Amino acid sequence: MIIISPYSKSLRNGKANPKNYPYWKELIRLIDKPIVQVGIEGEEQLVDDFRKNLSLDELGSLVDQCRTWISCDSFFQHFCWDRQKYGIVLWSVSDPLIFGHPKNINLLKDRNNLVQNQFLWWEHTEHDADKFVSPEIVIESLNANFP
Amino acid sequence: MASVLCSVATRGRYNSTLPIVINAIANQTKLPDKLIIFDDNDAPEDMRNNFIYQHLFSILQHKGIKWEWIYAPKKGQHHIHQMANTMGYDWVWRVDDDAIPEPNVLETLYSYSYDEVGAIGGAILTLPFNPDTSKCTGKIEDIDREPNIQWAEIKETKEVEHLHCSFLYRAGIHDYNLGLSRVAHREETLFTYGLHQKGYKLLVVPDATTWHLKNPQGGIRSENNEQLYKHDELIFRNTLAYKDKKIVVLNVGMGDHIVFKRVMPHITNAEIFTCYPEIIPGRPIAEAQALFGDVDQWSIYKKMAEWKWTDSLENAYKKLYL
């Protein structure tokens with residue numbers, strides 16, 4: 001089983017979080033293993049098994065059972081790293097050298113896409129789908145690192 | 001050679017002590033790289049139209065001292081000092097707008113700017129007041145029991161834990177407490193004690209006298225609301241009450257709390273304030289705000305921005321707290 005954590009925290013201005021991966025539906029179609037989505041109430045459901053609002057204990061138990069996981073840059077990548085369960089993080093404008101963990105697989109399309117000031121609110125940054133790697137690259141990495 | 005900014009916060013003294021102070025700065029035996037006047041007047045004026053100031057500005061220019069006149073945000077001098085603190089200079093020499101330094105003051109203070117030193121102050125004399133400071137320790141625990149050591153002539157170099165009024169300090173190391181009210185009561189004590197707590201030496205040194213005219217008119221603290229003084233005094237007392245603790249304020253997201261878990265075991269005697277006690281146990285952030293006024297001084301994101309940080313978040317936490 002693979003966990004997906006598709007969404008980063010909602011922005012206060014209602015715009016799309018620039019860290020949210022835009023190609024989840026295409027990516028999910030390419031994954032040939034059972035998928036569990038985790039997140040919170042109000043987020044778009046992408047697979048049949050969507051576990052919402054889990055406690056940290058519940059989330060931890062689920063993470064311990066999974067083969068691996070795929071996430072945008074959010075709380076989830078830190079949480080799994082802390083449990084020594086490593087997975088794939090899909091980056092765009094935030095810097096994996098600052099906010100990532102080398103033991104995860106950090107897929108960043110181009111460092112030129114990183115915002116200059118990494119420490120401001122994300123409300124100031126527009127979402128841009130072109131700044132993410134394609135689903136094919138994610139699948140390639142998934143198969144290579146977590147066969 | 002390290003860069004030195006001279007910072008003067010002023011209010012209500014256009015036509016009394018401020019021009020004397022500017023003149024004294026222009027006549028230093030070691031000149032600062034730049035002088036900034038932070039004008040906090042309720043009705044600011046353009047002093048380039050005043051003939052005395054015209055001449056003073058000409059003298060500064062002739063001596064190669066860059067100068068700038070900034071209209072300050074009227075939030076109190078601690079906001080002004082914090083601006084100066086973060087302007088990218090190595091050292092800031094803060095001079096009150098009614099404190100007249102002898103010509104050798106900056107040169108003397110700067111001569112003690114060793115690597116381990118965070119701030120240096122000289123005598124700040126307000127004649128005829130001349131207390132006996134021979135037994136003063138300059139320690140924070142004695143602040144209610146002794147006159148300030150800088151209020152009388154300083155006979156020999158001495159390490160202290162807080163400084164007063166006007167001094168030279170290492171910039172960008174410690175923040176001014178922006179939670180103080182606009183009277184900024186105790187601001188320099190809190191600031192210099194913070195430098196001391198960060199492991200830097202504070203020195204009082206001889207032969208660096210500043211004459212404090214204590215102009216009863218104007219002044220950056222010209223405010224008589226007793227409640228504001230009480231508010232600031234409470235922050236000061238709380239800071240002293242927790243002086244032996246390492247204050248940790250995690251006013252950040254869940255992921256940041258998780259990363260901090262790796263740093264926490266290395267911090268001894270921590271008093272932790274947290275947004276997610278299920279990840280990092282501790283007291284609510286609101287309590288930190290009530291105790292210390294301003295929690296931005298512990299904002300890891302603000303710090304990383306200031307430091308132009310490119311390393312990991314975990315290492316940023318280590319820099320802030322270890």
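Me: What is the bridge partner of V8(B) in strand 4 of chain B?

Reply: That's V95(B). This is a predicted model, where local features need pLDDT of at least 70, side-chain atom pairs count only at pLDDT 80 or more, and totals for chains, interfaces and linings use all residues. Residues are numbered from 1 along each chain as its sequence is written, while chains are lettered from A and ligands numbered from 1 in the order in which they are written.

Me: What makes strand 1 of chain B and strand 4 of chain B a pair?

Reply: Two strands pair if DSSP finds at least two bridges between them. Strand 1 and strand 4 of chain B have six bridges, in the parallel sense, so they pass that test. Strands here are DSSP runs of E with at least two residues, helices are runs of H or I with at least four, and both are numbered from the N terminus.

Me: And how do you know that strand 4 of chain B pairs with strand 9 of chain B?

Reply: By that rule again: there are four bridges, this time in the antiparallel sense. One to look at is W91(B), whose bridge partner in strand 9 of chain B is R170(B).

Me: Why is strand 4 of chain B called mostly covered?

Reply: A residue is buried if 20 or more other C-beta atoms lie within 10 Å of its own, exposed if 12 or fewer, and partly exposed in between, with C-beta atoms placed from the backbone. Six of the six residues of strand 4 of chain B are buried. W91(B), W93(B) and V95(B) cover one side, and V92(B), R94(B) and D96(B) the other.

Me: Which strands of the eight-stranded sheet in chain B stand at the edges, and why?

Reply: The order is 3-2-1-4-9-6-10-8, in an open sheet with mixed pairing. Strand 3 (66-71) and strand 8 (158-160) of chain B each have a single partner strand, so one side of each is left without a neighbour in the sheet. The twist averages 25° from one strand to the next. As for strand 8 of chain B, it pairs with strand 10 of chain B in the antiparallel sense over three bridges, with V160(B) partnered by L202(B).

Me: What packs on that sheet?

Reply: Helix 3 of chain B does, touching strand 1 (4-10), strand 2 (34-39) and strand 4 (91-96) of chain B. Its direction makes about 165° with that of strand 1 of chain B.

Me: What makes the three-stranded sheet in chain B mixed-looking at its edges, I mean, which strands sit there?

Reply: This open sheet runs 5-11-7, again with mixed pairing. Strand 5 (99-101) and strand 7 (124-125) of chain B are the edges, because each has a single partner strand. Strand 7 of chain B pairs with strand 11 (residues 210-212) of chain B in the parallel sense over two bridges, and I124(B) has T210(B) as its bridge partner.

Me: Why is helix 5 of chain B called largely enclosed?

Reply: Eight of the eleven residues of helix 5 (residues 187-197) of chain B are buried, so the rest of the structure largely encloses this helix. Among them are L190(B), F191(B) and Y193(B). The buried residues pack against helix 3 (77-85), strand 6 (117-121), strand 9 (167-170), strand 10 (201-204) and helix 6 (226-241) of chain B. Just after helix 5 of chain B, G199(B) takes a positive phi of about 95°.

Me: What makes helix 9 of chain B roughly perpendicular to helix 10 of chain B?

Reply: Angles of 65 to 115 degrees count as roughly perpendicular, under 35 as roughly parallel, over 145 as roughly antiparallel and the rest as oblique. The axes of helix 9 (residues 300-307) and helix 10 (residues 313-321) of chain B cross at roughly 95° and come within 10 Å, so the label is roughly perpendicular. Axes are lines fitted to C-alpha atoms, for helices over the stretch in contact, and angles run from 0 to 180 degrees between N-to-C directions.

Me: How do you know that these two helices of chain B meet?

Reply: Residues are in contact if their C-beta atoms, placed from the backbone, lie within 7 Å. I300(B), K303(B) and M304(B) in helix 9 of chain B meet A316(B), Y317(B) and L320(B) in helix 10 of chain B.
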